[in-house]
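Hello,

Here is the structure I promised to pass on. Please open it first, then read my notes below.

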Amino acid sequence: MPGILIYSDNITLTKQLITAGLLLKEKMNQPVYVILTGEQDLTGIANTAADEVFVLKGSNPWPESYADAIANFASTEQISAGLFGGTPRGKDIAAKVAAKLGAGLVTEAQSVEFDDGCLLTTRLLYGGLAVATEEVKLPALATIAPKTFEEAGSSDKQTEVITIEAANELNQITIGETCPVVREGVELSAANRIVSVGRGVGKKEDLSMIGELAQAFDAEIGCTRGIAEDYHWLPVERYIGISGQKVKPDMYFGVGVSGQVQHLAGMRESKVIVAIDMNENAPIFEAADYGIVGDLYEVVPLLIEALKS
Amino acid sequence: MSFQLNEIQELIQQNTRDFAKEYIEPIAGQTDKENSFPQKVVEQLAGNDYFGLFLPEEFGGSEAGYLSFVLAVEEMAKVSAGVAAILINQSALAGYALNKWGTPDQKKSYLSSLITGEKLGAFALAEPGAAPGAGPNKLTAVKDGGDYILNGRKSYVANGGQADFYLVFGVTDEEDPSRRMSSFIIETQTPGFSVTRTIGKMGQRACPWAELSFENVRVTAGQLLGNEGEGSIIAQEAKAVANVAEGALVIGVAQAGMEEAANYAKQRIQFGQPIANFPAIRNMLAEMSTNIHLARLAVYDAANMIEQGKNIFTEAAMIKLFVSRIGQNSLIDAVQVHGGYGFSEDMVVSRYYRDVKGSLLIDGSADLPESFIAADLLD
Amino acid sequence: MPRILVCYKWVLDEQDIKIVSLGLSLDVSRAKYKISDYDKNAIEEAVRIVEKNGGSVEAISFGTSLKQSFKDVLSRGVDKVYAIDSSIAENADAYVTANVLAAAIRKIGPYDLILCADGSSDVYNQQIGSRLSALLGLPGITSVSQINCEGDRISATRKLGDCTEVVHIKGQAVISVLPEINSVRIPTMKQVLAAAKKPSEEIKIDALGLSDAELLPKVTKVSVKGFVMNRKNIVFKDANQKDNVSKLVASLAKEGLLKERG
């Protein structure tokens with residue numbers, strides 16, 4: 001029966017998507033179906049306001065191997081809308097499901113509404129330069145980035161969980177080793193304060209000065225794509241931007257960051273944005289709440305001193 | 001006829017822009033400040049086939065034509081005039097001369113290694129006491145059996161001190177003014193050859209100048225480039241061809257200076273508005289833009305003529321006269337737009353100003369081309 | 001020796017797109033086309049695989065004004081380029097684009113490896129590789145930061161936020177690569193000149209046997225507007241940096257952003 005499908009390989013994100021699904025339900029008057037795969041943790045899912053919870057169970061633990069099964073479920077139930085968690089796995093699965101259904105898919109939708117028989121979505125274009133409002137014919141799919149919606153709270157009802165057998169063996173693919181990415185420090189997207197390094201910083205050795213500044217703020221260190229991918233001064237997990245980490249801390253503090261639109265798109269939802277740069281005309285100042293124009297080698301030590309006292 | 005570039009020329013331009021941004025820009029300020037030679041960039045120039053861009057495929061070149069070469073020089077000069085000057089001296093002076101007058105053996109050993117970047121070449125014409133690149137030559141090359149013995153000094157030699165071989169111009173016949181000079185290929189390890197000093201420069205500092213000394217330097221006739229007495233012809237033609245590339249260098253610097261000035265004018269607020277709104281600033285920028293555009297057409301036209309094997313002595317002199325003048329004027333204005341800041345080393349226009357200044361001085365005073373152009377018209 | 005196909009997109013350079021302050025519309029009149037940045041990494045990766053293992057690299061695109069892109073693509077080590085040049089591309093969504101590319105690949109394939117970028121630098125939909133794999137019935141692997149080919153086996157290392165994962169594939173595959181997989185080499189002058197002599201082939205969209213429905217986008221744009229920053233823009237630019245710093249610290253204190261004491 002037509003409904004709104006929710007799936008993410010990340011269960012926290014699933015709960016956020018349930019919130020989005022329930023908002024859609026208000027206008028669409030269709031039930032919200034939550035899909036879990038394999039051994040995903042059910043805790044806190046069945047007692048949300050979602051209408052039905054399905055667990056697809058197959059022999060292959062690889063989340064991506066469920067793309068066919070999810071597509072089959074979606075076409076059997078004739079779902080009208082599908083919301084997928086915007087993780088790397090989720091985006092892959094969503095696109096494969098969309099291809100199998102012959103459906104439209106909006107990537108990293110920032111808002112999703114039901115309007116005039118279509119889904120109306122917004123998303124960024126051109127590296128964050130523009131916002132597109134798009135109309136998607138049903139069945140319509142969208143991926144949604146983490147933290148776009150709050151997690152759904154629990155309700156007093158306890159939804160029945162239905163398990164469906166899924167054939168998800170893959171002959172040509174085997175999964176080898178999986179390694180956690182070693183991070184120096186906490187996850188950037190969870191940091192409350194971030195000091196970010198750009199090309200205005202002249203040498204790798206100068207990162208110690210930036211480290212001191214970060215410490216004075218109790219902040220994590222992030223950087224621009226150039227610092228991570230061209231100079232390899234910091235691991236790629238630390239670069240902020242449209243194709244890197246998307247952060248929204250209480251404070252973003254750019255040091256020698258010029259503020260290319262691709263970088264801005266990754267940090268402009270920060271609560272307060274501060275910048276130090278030599279170039280008065282750098283676009284970062286347009287995106288900043290506070291800024292100092294000046295030589296960072298002069299300003300940063302003064303700032304560290306001021307913060308310490 | 002139009003100077004609409006073809007797809008390949010546009011791609012050469014685009015890729016050179018990327019190349020300059022990736023490899024030259026990071027060291028452009030530093031080489032200027034430290035007077036250091038950008039050895040790594042020279043290797044990258046060779047690796048990406050710039051030295052042989054217009055030279056024959058037979059010796060490892062690309063035969064892309066002189067206009068393509070000029071486009072590459074222009075793009076590099078936007079980032080570093082010094083690096084562009086290294087390229088001009090290597091390819092348009094040493095490379096051009098070797099290709100036109102070298103024997104098959106000379107081309108095989110010198111032109112090939114010049115194109116691969118294995119060897120750096122230089123053109124040693126000027127002597128101490130004369131203006132750079134001009135004046136009477138005193139270095140003598142006296143025949144001794146099958147050999148020549150060179151004695152004297154050369155100065156203001158670009159790529160000097162870094163080059164592996166020099167095209168040296170010496171007097172072989174005191175009597176006949178038109179056949180007075182001959183050109184020799186001198187390798188640096190030849191006994192009696194020495195680099196006596198490097199000469200500090202105001203601009204284009206990535207491309208060093210050196211003074212050379214020759215004391216009883218003995219070379220075989222196999223080192224003679226062209227025929228005996230052909231030195232003046234070689235010098236005149238190679239320098240005319242290189243002048244066209246130098247015009248492109250000036251245009252590149254002027255364009256970069258103009259863009260800096262325009263950006264600055266849009267951002268700098270005075271009396272509550274960007275200075276770009278003021279007629280005085282707008283007029284300066286409009287004149288720069290017009291001059292640069294017209295100068296560029298003259299350079300591309302001459303480059304095109306070189307590709308067609310035409311004589312370009314007059315055009316090269318016109319470029320020398322006009323392009324260097326508008327280059328200098330553009331940078332005076334570009335600095336002026338920046339106001340007091342333009343005088344500070346923080347602003348890249350101050351480097352551009354020094355870089356472009358040399359183009360009027362190098363190779364003789366500015367009235368030299370005028371006399372040439374007038375003679376062509378009147379005599 | 002793998003036969004590789006790279007999908008690329010010919011996009012407007014976002015650096016040249018200006019936002020018109022009135023109505024926040026986009027002015028693209030000065031924007032030039034370029035190979036989508038991340039597609040250059042995909043091309044580079046294909047070329048590196050062939051440099052190591054032998055084989056061939058072909059490229060394909062669906063778009064408009066594609067002829068302008070051929071020499072740029074071919075100068076990057078690609079042996080042959082295919083183009084489906086059609087005005088349908090102007091409004092195509094990922095659904096239509098994948099339908100067109102899959103139909104064309106069925107015509108000119110098979111390929112041992114089809115490479116895409118993880119997303120394009122204009123719309124960054126991140127769908128084409130996954131959709132192609134589904135439509136062609138091939139394994140599809142995304143977010144790949146390293147590829148190793150050995151015979152008919154491919155190992156791909158994926159970067160998935162908090163972990164890396166190695167995927168082994170036997171036989172053909174569609175792989176979407178991350179920009180960090182390599183750094184793109186600037187074509188040499190010889191490569192640029194050689195590009196003029198390499199082949200290109202245009203494939204007519206009518207010859208692909210696609211129905212009207214398959215060419216009708218599911219996602220259509222209602223509006224596109226420039227993103228507006230709404231910030232305080234308080235910039236301290238006194239000559240005395242000490243003053244600037246103390247003003248900044250005072251502002252940050254007011255925002256409650258200084259480190260808690262204790």
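Strand S11 (residues 173-180) of chain A pairs with strand S11 (residues 163-170) of chain C. The two run antiparallel, over six bridges. In this pairing, A:Ile173 stands opposite C:Ile169. Strands pair if DSSP finds at least two bridges between them. Helices (H or I, at least four residues) and strands (E, at least two) are DSSP runs, numbered from the N terminus.

A word on the source. This is a predicted model: local features need pLDDT of at least 70, side-chain atom pairs count only at pLDDT 80 or more, and totals for chains, interfaces and linings use all residues. Residues are numbered from 1 along each chain as its sequence is written, chains are lettered from A and ligands numbered from 1 in the order in which they are written, and side-chain values use heavy atoms, without hydrogens and water.

Now the interface of chains A and C. Contact (heavy atoms within 4.5 Å) links 87 residues of chain A with 73 residues of chain C. The buried area is about 7100 Å², and carbon and sulfur atoms give 56% of that. Buried area is the accessible area (1.4 Å probe) that two parts lose on being put together, summed over both. In chain A, A:Tyr126, A:Leu129 and A:Tyr290 lose the most area to chain C, together 11% of what that side buries.

There are six salt bridges across this interface. The rule asks for a side-chain nitrogen of Lys or Arg within 4 Å of a carboxyl oxygen of Asp or Glu. A:Asp289 forms a salt bridge with C:Arg231; their closest N and O atoms are 2.9 Å apart. Helix H3 (residues 88-101) of chain A gives the most to the side of chain A that touches chain C, with nine residues.

Next, the sheet in chain A. What is its strand order? The order is S5-S9-S4-S1-S2-S3-S10, an open sheet of seven strands with parallel pairing. Strands S5 (104-106) and S10 (161-165) of chain A are at the edges, each with a single partner strand, so one side of each is left without a neighbour in the sheet. Inside the sheet, five bridges join strand S4 (residues 81-85) of chain A to strand S9 (residues 140-144) of chain A. Those two strands run parallel. One bridge partner pair is A:Ala81 and A:Ala140.

Best wishes
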